[in-house]
Amino acid sequence: MPTLVVYNPVCGHGGAQQLFDDHVLPLLQQNGVRVDKLLVTERAGHAGEFITEYLEAVEGPFTIVLGSGDGTLHEIIETLTTTTPKGMRASAPPAKLTFALVPCGTANALYASLFPPAPAPDADVDSVEYKLQSVRSAFVAHTRPAPLTLALTTFSPPPGTRARTQPRTAVSAVVASTALHASILHDSEALRASVPGLERFKLAAAQNIARWYTATLTLLPAPGSGSVQVFDPAARAFVPSPDGPIVDLAGPFAYFLSTVNVDRLEPRFRVTPHGRDPRAAGGPTLDVVVLRPAGDPTAEMDSEETRAAFAKKTMAVMGGAYDDGAHTLMRYAPDGSLSTEGDGPCVVEYFRCGGWEWEPVSAAASSDRAGCRRLALPAQDEIDERAHLVCTDGDIHEIEKGGKASCVAVAPIDDKSGFAVFV
Ligand SMILES: Nc1ncnc2c1ncn2[C@@H]1O[C@H](COP(=O)(O)OP(=O)(O)OP(=O)(O)O)[C@@H](O)[C@H]1O
């Protein structure tokens, strides 16, 4: 099976070259692995172009030893998924691509989810041994790779518009989000040069923590599951949603994020903490976390004070994600304080579903749906620019005014196609 080595020398703290020279390439050599091609990426887009051209010319299946963060992995998967197949790639089904991941990026969400660091706060995610686990699985232990589920997000123009181009589709292997998470990724990119580590996400979070987003959200069941599932903190399990097979949620929203393949976005940020649990039979699924101010029993009407008070709760929810996913157990006490005890209303809504539709709307339209009327904004026809941002694995997209984003989870049709990773 052809083996390619690709690494991004500038991702994370810029240590990929040394790690590959000193450890990864020697480990491959010791285990008799012949490297067919090695690419040190020179620019954004390089890895995707290189892999696509190689796969057009050479018969697969393929293994790629990839030294990067989630962004370069995303770039390869998205380029292959959205480029019309030609040459060898035109064969059906297209050849399978399996990754041995070497975490060299900033957050390394997929790697940290597949190889969760030990619970001790000082567990060393920077050690060479921690970083070589996927390569060892591939070439030393010869484990069976795990298939990757993908989230396909399509951006549609307003209904009735004559499409100038085909609707765009973005592909993610980790996260598709809007609201606070998309705002953080949007703003943190500008900080990349000045704040190189995870701190830039915390800085961008502080800038955006008090924003609300007006939209409507529809969650759709996975094929074969019959219903959207909702996490029941008392049972510590997903159960069919009492709202029926499809769940409609009105805004405003503070947080909305969906994940595939992962239970965390950073080694310690377990935002969808059951994302790696074994699934019941049925189609591929997304784990979805939603935070809506209307759930707060003390949020009476929209005002600066209400938003400032709710921002503290959003902070507490983010803190719960850093505390092993405790936000999914949080409930409101009657006075609006948060606790993981008691049986009050859940603070976050944690769902498992097959897909979702997010449609930015005016505040009036959003609050027309049941449950959120009391938080209607005064300026009813204002367009909420920020509600139009969608993040797919770090890429930021903008929904056209009057349009929407629709996301669906897909999995390889068999174990000879699609993408997989050595775990
Ligand atoms: N030589 C290069 N110069 C500049 N950008 C590059 C180069 N090689 C790859 N890239 C781009 O860098 C971006 C970020 O890389 P990557 O995701 O691997 O690291 P990261 O952002 O540090 O990590 P993470 O995604 O885990 O936070 C990718 O979108 C990729 O296209």
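Which domains does the domain assignment of the chain give? In this predicted model, the assignment gives domain 1 (3–143) and domain 2 (150–410).

**View 1. Here are the two domains and the contact between them.** The centres of domain 1 and domain 2, taken over C-alpha atoms, are separated by 29 Å. Where the domains meet, domain 1 supplies 17 residues to the contact and domain 2 supplies 21 residues.

**View 2. Let us look at the side of domain 1 that touches domain 2.** Helix H3 (70–82) and helix H4 (109–114) are the elements that give two or more residues to this side. H3 gives the most, with eight residues. By residue type, the side of domain 1 that touches domain 2 holds eight nonpolar, seven polar and two charged residues.

**View 3. Next comes the shell around the ligand.** H3 turns up here too, as the source of the largest share of the shell, four residues. Among the 22 residues around the ligand, those that come nearest are Cys11, Ser68, Gly69, Gly71 and Gly105. The shell divides into 13 polar, five nonpolar and four charged residues.

View 4. H7 (residues 179–189) is largely enclosed by the rest of the structure, because eight of its eleven residues are buried. The buried residues of H7 are Ala179, Leu180, His181, Ala182, Ser183, Ile184, Leu185 and Ser188. Their cover includes two helices you can pick out in the structure, H8 (199–208) and H9 (304–322). Strands take part as well, including E8 (175–178), E13 (255–259), E19 (389–392) and E20 (395–398).

Definitions and conventions:
Residues numbered from 1 in each chain as written. Predicted model: local features only at pLDDT ≥ 70, side-chain atom pairs only at ≥ 80, totals over all residues. Buried ≥ 20, exposed ≤ 12 C-beta atoms within 10 Å, placed from the backbone. Contact = placed C-beta atoms within 7 Å. Domains from an automatic or database assignment. Nonpolar A, V, L, I, M, F, W, Y, C, P; charged D, E, K, R; others polar. Near = placed C-beta within 6 Å.
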